Structure formats: structure tokens, C-alpha cells
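Student: Could you walk me through this structure? I am new to reading models of this kind.

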Amino acid sequence: MAVLVPTAALILWELCSRLAIVSPRYFPAPTTIGWVLADRLAAGDLGSELAVTLTRLAFAFVLAAVPAIPLGLLMGIARPVRDLVEPYLAFIFPVPKITLLPFLLIILGVGEPAFVLTGSSSAFFQIVISTLGGVQTMDPRLLDVGRNYGAHGARLFWKVILPAALPAIFTGLRLGLGLALVTLVAVEFIAAKSGLGHLVFRHWQMLSTPEMYAAFALIGALGLVLTRGLRAVQARVLAWQDEIGV
Amino acid sequence: MKATARWLAEHWIAVASPIALLGLWEWASATGLLRAAFFPRPSTIAAHLGDLTLDGTLWSHTAITLARIGASFALAAGLGVAIGLAMGLWRGLRDGLDPVFAVVYPIPSVLFLPLVSFVVPAGEIALVVTSAVTSFFLIALTTTQGVRQIDRLVVEAALHYGARGRRLFTAVLLPGALPSIFTGLRLGLGFSLIVVVAVEIVSASRGLGALLWLSWQVLKVEDMYATFVVIALLGALLSYGLAALRTRLLPWVPDVGDR
């Protein structure tokens, strides 16, 4: 079934498009899209747009993760820090991060920093919240056992708290990467002049639909590889832990 | 009263820090330390917020955005729960749709706008359908998981007591899946807000997202901040309000998404 249904759907689409049951202008046949995809990849321009999106994603992700993990851990172990930061977290977290884009555009000017930071912000808040959750929901017995065996301060942190929070941190990183990709592609669609998101927008405006679908497929594949890939890594690296969260 | 006082004594920083920050901001942009063109004083923003509320601008844009969120959420919830339940019950359907969902789900909803506008009339309908896409997948996936994670023993017990067909569904499977369904609905509503605002930025002339974007394009910075405050309040209302509502109305239904 897992092979049959998608294949059947593709064949049906192919037939409908070839026989002009649906407008081939708007719904080009999957084989046409496949050829365009292969052609554009071979020509290298699709690859370079992919590279642009991936570079932005890498910057956005690192800029989010590097401050977010220590902040989440600190909030988890020091209540004054948590009280200090939590109001802002609660205020910004439910806001669509794409709305930060116009603010970053006026402050930083139209360009890469504004695009990347908008993508970064969506990952940042997710990673902070997951990390904080990891520390807060750890089994208190672990702390007691650690203390009974004489672990205090830094030792307690490195040997007990951090390992206990690790699965949640990883989940946060995985969700954050997905959110950063989604936000970045949306930013590209709205405001940037390059990247896969912009490619969909441009080919939509020019009604070059096969190219549009090709970019679309590439974004889907990218999302699939990133989410599935990280999940596999997580299962591997943290094999002893059940996954926490969604 | 006493509880409030104790909470304040313990968490005074959580109250003091936003007030201090706003004061600092006010002072910094009044003295020119922060460029008032980019960071207008909080009091100026509040005044603008008041003006835009009084002359009805914000109300009409908010009403439009809310109506769109309502419509797209209803669409996503109806289809999502129905298909999610079906996928949970029939293995063949689940196996067939899983790979499709896996590829389509990570694509940002805004990108579906071109696709949707080929199928349905551009404008309001396309906007609502596009905004429903991600919520639909989310709700369908969580509902499927909800059916799947029902304890095998419970289902077998029900079967032994002769529950079949519709009775098995309404008395065992649906209640069992309810916590996941609620979590899916809550997350889906949050996503509806996100996507409606994003699609409004791209293709609408009214609504909060459009107001934010147009204010940016004509550099009405105070209006941008005022709109942002309204969007943030809406986000808080949708995510925290709904969670509070569930605790109130359905205290026996745990929210599996709470972390």
C-alpha cells in the first residue's frame, strides 16, 4: 500500500494531465516535472538555489541553537533567570515569527541578516522551551541519587542534569530545524530574491508551472530528509532514551 | 489575595523585568540612544494603538483575520479529524497516505498558495484553503496517533463484551483518541494563526498580516508595532486561552502536548 497509493496517484495525475482532463498548464504531468527537475539539477541552477537555502538554514540554525541551549539550561537550574526571561518567551512564542521580518528589515535593512534571523528566531524559541522542559521534567530521584553520591554544583550539572535533559534538547533541535526551514522558505517566498522559496514564487508569477513544481518537490524532499534524518540520528545517539515530546 | 501576594514575592522578577525594560526603552528612545525611527517610544506605540483602536482600523482588520482563522480552522479540523480517524482505523489507508503526508507536511503552507489558486478561485477562498493545509496535516496526524496509541487491552476487552461497529467507535475508540485530537486541534489553531498572517502578508490587502506588511512598506513604524502587539495578543489568547478552556471544560482530558 505504501508504494501502491502514491504510485497510483501519480499515474492518475499523469493520465489526467496528458488527456487534458485537468489543465496541463496548471497541472503539468509528473513526468514533465521530473524531466524539468532533472534538467535544472543538471544545469546547476536549481542546485545553486538549494545551496542558498541550505546556507541560510545552517546559519539560522547555529545562530539559534548556540544561545538557546545554554539559556534553556540556565533557566532550568536558576529560578531568577527563568523569572527574568519567561515573560518575553511567553509573549513571543505564540507569535508567528514571520511577523518579525518587517521589524528586522527596517532595523537591519533588506538583506541576508534579516532573512536568516527571522528563520533563526522560530528555532530559537522552540529550542529554549524544549531545553527548559527537559530540565524541569527530569526525574527528581535522579537529582537525589546524584546528591547522595556526593555530586554537587558543576559535577551534578554535567553528570546528572545535562544527560537527563539531552533527549529533550535533541527534540528541540529537531523541531527547531524544521521550524527554521519552514520560516526561511516562507521568508524567501515573501521577501528574498533567491532560494527555493523565491523560486516557487517567481515561477508562479511567470506561470512556468513545471519549474514551480520542481522547486516544490525539492523543498518537500529537503524537509523529509532533515526531519527523518535527524530522527534517525536521535534514535542512534540517544538509543537508551524514549523520545520526549511530539 | 494571599496566594497572589506569595506568588509576587517569589516571582517579582517576572513582573519587574518587563516594566524595567519598557522604562529603559522609553528612556533610550527619548534621549536618542535608540533610533526612534526604528524603536519608537512605548508610550508613542501605546498612543498609536489607542488611536487605531478608536477609529476602528484595528477592529476591522482583526475581525477579518479572525474570520479567516475561524474558516480555515473549521475546514482543517473537520477534514483532519475525519481522515485522521479513518487512517487510525484502516491500516491500508494509513500505509497509503503516510508517504504522501511525510513529503507534503514539511512544506511551508504559504507555498501552497500558488497551487491552491490554480484549483479554487483566487482571493478569499484560496487564502482560507491555503491556511488550512498545515493545520489539516497536523490534526490528521495527531488524530491517527491518538487512535493508534489506544491500549490494545481496552479494545480487546470491549470486543469481548460484544462492542462492535459504531458502538466500539463511539464508546471506546473516539474517547480513547480524544486527548490526542484535542492536542492536534490546539496546535492546529496555532498554526492557522501563523499561516493566515503569513498568507495575508503575501496576498491580502486587509487583515492584520496585510496591515503589518503595508505599514512596513510605507514605513509607518508605530503602526507596525501596534499591529504586532495585536497579533501577539491574539496568539496568546489562542494558545493559552484554549489550554485554559480545555482545563475548565474537559478536566478529565489530558493534553498530551503539554511539556
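Tutor: We shall go through the chains, some helices and a few loop residues in turn. This is a predicted model, in which local features need pLDDT of at least 70 and side-chain atom pairs count only at pLDDT 80 or more, while totals for chains, interfaces and linings use all residues. Residues are numbered from 1 along each chain as its sequence is written, and chains are lettered from A and ligands numbered from 1 in the order in which they are written.

Student: How many helices and strands are there in chain A?

Tutor: Chain A has 10 helices and zero strands. Helices (H or I, at least four residues) and strands (E, at least two) are DSSP runs, numbered from the N terminus. The C-alpha trace of chain A spans about 75 × 50 × 30 Å along its principal axes.

Student: And how much of chain A is buried?

Tutor: Of its 246 residues, 40% count as buried. A residue is buried if 20 or more other C-beta atoms lie within 10 Å of its own, exposed if 12 or fewer, and partly exposed in between, with C-beta atoms placed from the backbone.

Student: What about the contacts inside chain A?

Tutor: Among contacts with a separation of 6 or more, 73% are between residues 24 or more positions apart. Two residues are in contact if their C-beta atoms, placed from the backbone, lie within 7 Å.

Student: Which residues of H5(A) and H6(A) meet?

Tutor: Leu100(A), Leu101(A), Leu104(A), Leu105(A) and Leu108(A) in H5(A) meet Pro113(A), Ala114(A), Leu117(A), Thr118(A) and Ser121(A) in H6(A). By class, that contact has eight nonpolar, two polar and no charged residues. Here Ala, Val, Leu, Ile, Met, Phe, Trp, Tyr, Cys and Pro count as nonpolar, Asp, Glu, Lys and Arg as charged, and the others, Gly among them, as polar.

Student: At what angle do the axes of H5(A) and H6(A) cross?

Tutor: The axes of H5(A) (residues 100–108) and H6(A) (residues 112–136) cross at roughly 145 degrees and come within 9 Å. Axes are lines fitted to C-alpha atoms, for helices over the stretch in contact, and angles run from 0 to 180 degrees between N-to-C directions.

Student: Changing topic, how many residues of chain B are in contact with chain A?

Tutor: There are 44 residues of chain B in contact with 41 residues of chain A. H4(B) gives the most to chain B's side, with 10 residues. That side divides into 33 nonpolar, eight polar and three charged residues.

Student: What domains does chain B have?

Tutor: The assignment gives domain 1 (1–36) and domain 2 (40–249); such bounds come from an automatic or database domain assignment. The centres of the two domains of chain B, taken over C-alpha atoms, are 33 Å apart. Their contact takes six residues from domain 1 and four residues from domain 2 of chain B.

Student: Where is Leu207(A) found?

Tutor: Leu207(A) is in the loop between helix H9 (196–205) and helix H10 (209–237) of chain A. Its phi is positive, about 55 degrees, although it is not a glycine. Most residues other than glycine have a negative phi.

Student: Is Leu207(A) buried or exposed?

Tutor: Leu207(A) is exposed, because 12 other C-beta atoms lie within 10 Å.

Student: And where does Leu219(B) lie?

Tutor: Leu219(B) lies in the loop between H9 and H10 of chain B. Its phi is near 55 degrees, again a positive value in a residue other than glycine. Leu219(B) counts as exposed, because it has 11 C-beta neighbours inside 10 Å.
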